[in-house]
Amino acid sequence: MSESDMSEIISSCGKHRVWIALCWYAGIRRMEAYNLVWEDIVWDKNRLVIQNQDGLVTSKSKRREVRIEPPLMVILLDEFDNTSSDRVVGRITKNAKVNTTLRRVSRSLGHDADGMTVQALRRCRDTIWHQVYPAYVCAAWLGHTEQVAMKHYLSVPESLYDSSPTMPSDDTKSLAKEDCSCR
């Protein structure tokens, strides 16, 4: 799914728009997006602060800061101006059918929706970021180790098969951003 395809999908997702945008642009987990409150956004530094909720001990890191991509910042500012909720995703129930909405909207816009889940969006963001940033930075933003990324998240974008640079050039980086399989 390309950045422009995902932008079109996100803008068509109605009440799940912000939730899906957070999973796509910030690569955060479904429940991290659900639990995000406005105080977790550091506006002047373009960062989201992801915190372990309710003091639960999990395998996930307790706190991390995630880069806010420019398109996500626009969506967040718009939502902030139009909501009275303390939660970023509003009053959507925890069991909302976000994946169902994502697949339905994708199909309605003529995209292949097989395997389209918020987890797939996270995996795709990991691949996009790895084309631009060092692995340790991507791992920190996504809240997992480099080994987890190598095993479960990273995929080779189709555009890299068409080029033959030994080091990623600016052209290759921009191609990789535009061509990331979400399956």
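## Overall layout

The secondary structure of this protein comes to ten helices and three strands; here helices (H or I, at least four residues) and strands (E, at least two) are DSSP runs, numbered from the N terminus. Read from the N terminus on, the elements run α-α-α-β-β-β-α-α-α-α-α-α-α. The model is predicted, so local features need pLDDT of at least 70 and side-chain atom pairs count only at pLDDT 80 or more, while totals for chains, interfaces and linings use all residues. Residues are numbered from 1 along each chain as its sequence is written, and side-chain values use heavy atoms, with hydrogens and water left out.

Of the 183 residues of the protein, 45% count as buried. Buried means under 20% relative accessible area, exposed means over 50%, and partly exposed is in between, with a 1.4 Å probe and protein chains only. Contact means heavy atoms within 4.5 Å. Among contacts between residues at least 6 apart in sequence, 63% join residues at least 24 apart.

## The nonpolar core

Let's go inside. A nonpolar core is a set of buried Ala, Val, Leu, Ile, Met, Phe, Trp, Tyr and Cys residues joined through side-chain atoms within 4.5 Å. The largest one here has 45 residues, and Met6, Trp19, Leu22, Leu48, Leu72, Leu76 and Leu121 are those with the most contacts inside it. At least two core residues come from each of helices H1 (3-11), H2 (17-25), H3 (30-35), H4 (70-81), H5 (98-108), H6 (118-130) and H7 (135-142), and from strand S2 (47-51). Helix H2 gives the largest share of this core, eight residues.

Not counting residues up to four places away in sequence, Leu22 touches Gly27, Ile28, Ala33, Leu36, Leu48, Leu72, Leu76, Val88 and Val89.

H1 and H2 pack with their axes 9 Å apart, at an angle of about 160°. Axes are lines fitted to C-alpha atoms, for helices over the stretch in contact, and angles run from 0 to 180 degrees between N-to-C directions. The two helices, H1 and H2, are therefore roughly antiparallel to each other; angles over 145 degrees count that way, while those under 35 are roughly parallel, 65 to 115 roughly perpendicular and the rest oblique. On the H1 side the contact uses Glu3, Met6, Ser7, Ile10 and Ser11, which meet Arg17, Ile20, Ala21, Trp24 and Tyr25 in H2. These residues divide into six nonpolar, two polar and two charged. In this count Ala, Val, Leu, Ile, Met, Phe, Trp, Tyr, Cys and Pro are nonpolar, Asp, Glu, Lys and Arg are charged, and the others, Gly among them, are polar.

H2 also meets H6: their axes come within 7 Å and cross at roughly 35°. From H2 the contact takes Ile20, Cys23, Trp24 and Tyr25, and from H6 Val118, Leu121, Arg122, Cys124, Arg125, Ile128 and Trp129. By class, this contact has nine nonpolar, no polar and two charged residues.

## Aromatic pairs

The structure holds seven aromatic pairs. Rings of Phe, Tyr and Trp (its six-membered ring) pair if their centres lie within 6.5 Å; planes under 30 degrees apart count as stacked, over 60 as edge-to-face and the rest as tilted. The rings of Trp38 and Phe80 have centres 5.1 Å apart and planes at 70°, so this pair is edge-to-face. Trp38 lies in the loop between H3 and strand S1 (41-42) and Phe80 in helix H4, so the pair ties together parts that are 42 residues apart in sequence. Trp38 is buried, with a relative accessible area of 7%, whereas Phe80 is partly exposed at 39%. Ring pairs also link Trp38, Trp43 and Phe80 into a cluster.

Another pair is formed by Tyr133 and Trp141, whose ring centres are 4.9 Å apart with planes at 75°, so this one is edge-to-face too. Tyr133 is partly exposed, at 24% relative accessible area, and Trp141 is buried, at 16%.

## Residues worth a look

Glu79 sits in helix H4 and is buried, with a relative accessible area of 18%. Leaving out residues up to four places away in sequence, Glu79 touches Arg17, Val18, Trp38 and Val88.

Asn46 is found in the loop between S1 and S2. Most residues other than glycine have a negative phi. Asn46 has a positive phi of about 55° although it is not a glycine, and is partly exposed, with a relative accessible area of 37%.
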